[in-house]
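Subject: Structure handover

Hello,

Here is the structure I promised to pass on. Please look it over first, then read the notes below.

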Amino acid sequence: HIQQDGIDILKAANDIELVIAYDQDKETLLTTVSDANLVITRSSTPVNEKFLNATKSLEYIIRAGVGVDNVDIEGCSKLGIVVMNVPTANTIAAVELTMTHMLSCMRTFPYAHGQLKNERVWKRENWYGNELNGKTLGVIGFGNIGSRVAIRSKAFDMNVVAFDPYISSSKVTDLGMTYTTNFDDILNCDLITIHTPKNKETLNMIGKEEIAKMRDGVILINC
């Protein structure tokens with residue numbers, strides 16, 4: 001869904017005929033988009049060959065979010081359809097979600113909550129957990145989200161190691177963090193968090209072989 005504030009802006013525009021279709025099933029949706037000039041979508045709708053073939057007048061596709069892996073970019077290019085995204089739309093939300101997972105995993109909150117709620121038992125000695133303080137965080141991808149996670153993690157007195165072959169190492173080292181080009185340095189961290197786009201380079205980046213190299217009890221976060 002798109003926030004109501006955005007819907008209200010589109011409804012108020014005199015030169016836009018707005019059709020809200022996020023509750024439609026995939027087959028009905030194909031009929032709905034057949035006459036659309038512009039489509040705004042989230043990640044749950046595959047804009048694939050079948051979708052594109054159903055359109056007659058489509059000029060623009062806006063992905064209301066960061067990733068465009070649900071959009072057939074090559075197919076759109078062949079049809080002259082412009083694809084746009086909103087690269088910073090959910091930056092802070094994703095950063096704070098990552099920090100939430102880090103803290104929840106380290107302090108075993110989900111398990112403590114589950115026992116208390118479901119078993120009506122409170123055994124805090126089972127759920128002391130560990131501190132982020134002094135732990136080493138491996139950050140894969142040091143862009144809008146990864147860099148902000150790293151900065152917040154430094155505030156918890158964590159050691160941060162960053163892997164991102166597409167940035168200058170100074171973006172990391174100027175923040176008092178460690179930059180590495182050796183992926184094994186990341187695999188050796190206490191916590192690992194992934195903040196990369198989904199593409200041919202990053203697909204299956206962490207598989208059986210990489211996990212085997214990780215230390216016991218590692219926390220792996222994919223936001």
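First, a term. Helices (H or I, at least four residues) and strands (E, at least two) are DSSP runs, numbered from the N terminus. The expected span of a helix is 1.5 Å times one less than its number of residues.

Now the source. This is a predicted model, where local features need pLDDT of at least 70 and side-chain atom pairs count only at pLDDT 80 or more, while totals for chains, interfaces and linings use all residues. Residues are numbered from 1 along each chain as its sequence is written, and side-chain values use heavy atoms, with hydrogens and water left out.

Helix H7

Helix H7 covers residues 144–155, twelve residues. From its first C-alpha to its last it reaches 18 Å, close to the 16 Å expected at 1.5 Å a residue. Buried residues in H7 are Ile145, Gly146, Ser147, Val149, Ala150 and Ser153. Here buried means under 20% relative accessible area, exposed over 50%, and partly exposed in between (1.4 Å probe, protein chains only). What covers them includes helix H5 (91–106) and strands E4 (136–140), E5 (159–163) and E7 (191–194). Asp157 follows H7, and its phi is positive, near 60°.

Aromatic pairs

The whole structure holds two aromatic pairs. Rings of Phe, Tyr and Trp (its six-membered ring) pair if their centres lie within 6.5 Å; planes under 30 degrees apart count as stacked, over 60 as edge-to-face and the rest as tilted.

Tyr111 and Trp127 are stacked, at 6.3 Å centre to centre with 15° between the planes. Tyr111 sits in helix H6 (residues 109–119) and Trp127 in the loop between H6 and E4, so this pair ties together parts 16 residues apart in sequence. Tyr111 is exposed, at 53% relative accessibility. Trp127 is partly exposed, at 22%.

Phe163 and Phe183 have ring centres 5.1 Å apart and planes at 70°, so they pair edge-to-face. Phe163 belongs to strand E5 and Phe183 to helix H9 (residues 183–187), so the parts tied together are 20 residues apart in sequence. Phe163 is buried at 16% relative accessibility. Phe183 is buried too, at 17%.

A parallel sheet

Three strands make an open sheet, ordered E1-E2-E3, with parallel pairing. Its edge strands are E1 (38–41) and E3 (82–85), each pairing on one side only. Two strands pair if DSSP finds at least two bridges between them. Strand E2 (residues 60–63) and E3 pair over four bridges. Ile61 stands opposite Val83 in E3.

Best wishes

Note on methods
Contact = heavy atoms within 4.5 Å.
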